[in-house]
Amino acid sequence: MGKIEKFEDLAAWTKARALTHSIYEVSKQGAFGKDFGLANQMQRATVSIMSNIAEGFERRSAAEFCQFLTIAKASCAELRSQLYVAFDCGYVDRTKFEELSRSAEEVARIIGGLRASVDMKRQLQKNGNQNI
C-alpha cells in the first residue's frame with residue numbers, strides 16, 4: 001500500500017466507520033430505540049472511535065497520534081462493555097451481540113497495531129534513524 005495521506009485511507013478508520021453504522025442501525029430498532037440513554041451513549045462511544053483516529057492523524061505529530069489512538073482504543077472497550085448492557089437488556093440477541101463484539105475487537109486490534117507502528121516509527125526518529 002502507498003503512503004497514507006488522509007485519515008480516510010486508514011483501515012482503522014474505515015473499519016470504525018462501518019462499526020459506527022452498525023451501532024446506529026441496531027440502536028434504532030425496537031425497545032433499544034426507546035432507551036435513549038444507552039443508545040446515545042453507544043453512538044457517542046463509536047463515533048469517538050473514528051473521530052479520535054481522524055483527529056490524531058490530522059495533528060501531524062506521532063506522539064499526539066499515539067495518544068489519540070489510545071483514546072480510540074479505549075472507546076472500543078467502552079463500546080464493548082455497553083454491548084453487554086444491550087445484550088443483558090434483551091435489545092440485541094446473542095448473534096448480533098457476538099457480531100458487534102467481534103467487530104469492536106477487530107477495530108481495537110487494528111488500532112493497537114497502528115499505534116504500535118506509529119510509536120515504533122516515532123522512537124526510531126527520536127533515536128536519530130531517519131531512514132524510515
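Predicted model: local features only at pLDDT ≥ 70, side-chain atom pairs only at ≥ 80, totals over all residues.
The C-alpha trace spans about 55 × 25 × 20 Å along its principal axes. Out of 132 residues, 35% are buried.

Let's look at the first pair. H1 covers residues 11–26 and H2 covers 36–58; their axes come within 9 Å and cross at roughly 165°. Anything over 145 counts as roughly antiparallel, and that's why we call H1 and H2 roughly antiparallel to each other. The crossing is left-handed. On the H1 side the contact includes Trp13, Leu19 and Ile23, and on the H2 side Met42, Ile49 and Ile53 are among the residues involved. What's the make-up of that contact, nonpolar, polar or charged? It's twelve nonpolar, three polar and one charged.

Now the middle. The largest nonpolar core has 35 residues, and the ones touching the most other members are Ile49, Ile53 and Ile111. H1, H2, H3 (62–88) and H4 (94–126) each give two or more residues to this core, with the largest share, nine residues, coming from H2. In general, nonpolar side chains in soluble globular proteins tend to be buried together.

Leaving aside neighbours within four places in sequence, Ile111 contacts Ala12, Ile49, Ile53, Leu69, Ala72, Lys73 and Cys76.

Note on methods:
Residues numbered from 1 in each chain as written. Heavy atoms only, no water. Axes fitted to C-alpha atoms, helices over the stretch in contact; angles between N-to-C directions. Helix = DSSP H or I, 4+ residues; strand = E, 2+ residues; numbered from the N terminus. Parallel < 35°, antiparallel > 145°, perpendicular 65-115°, else oblique. Left-handed = near helix turned anticlockwise from the far one by under 90°. Contact = heavy atoms within 4.5 Å. Nonpolar A, V, L, I, M, F, W, Y, C, P; charged D, E, K, R; others polar. Core = buried A, V, L, I, M, F, W, Y, C linked by side-chain atoms within 4.5 Å. Buried < 20%, exposed > 50% of the residue type's maximum accessible area, 1.4 Å probe, protein only.
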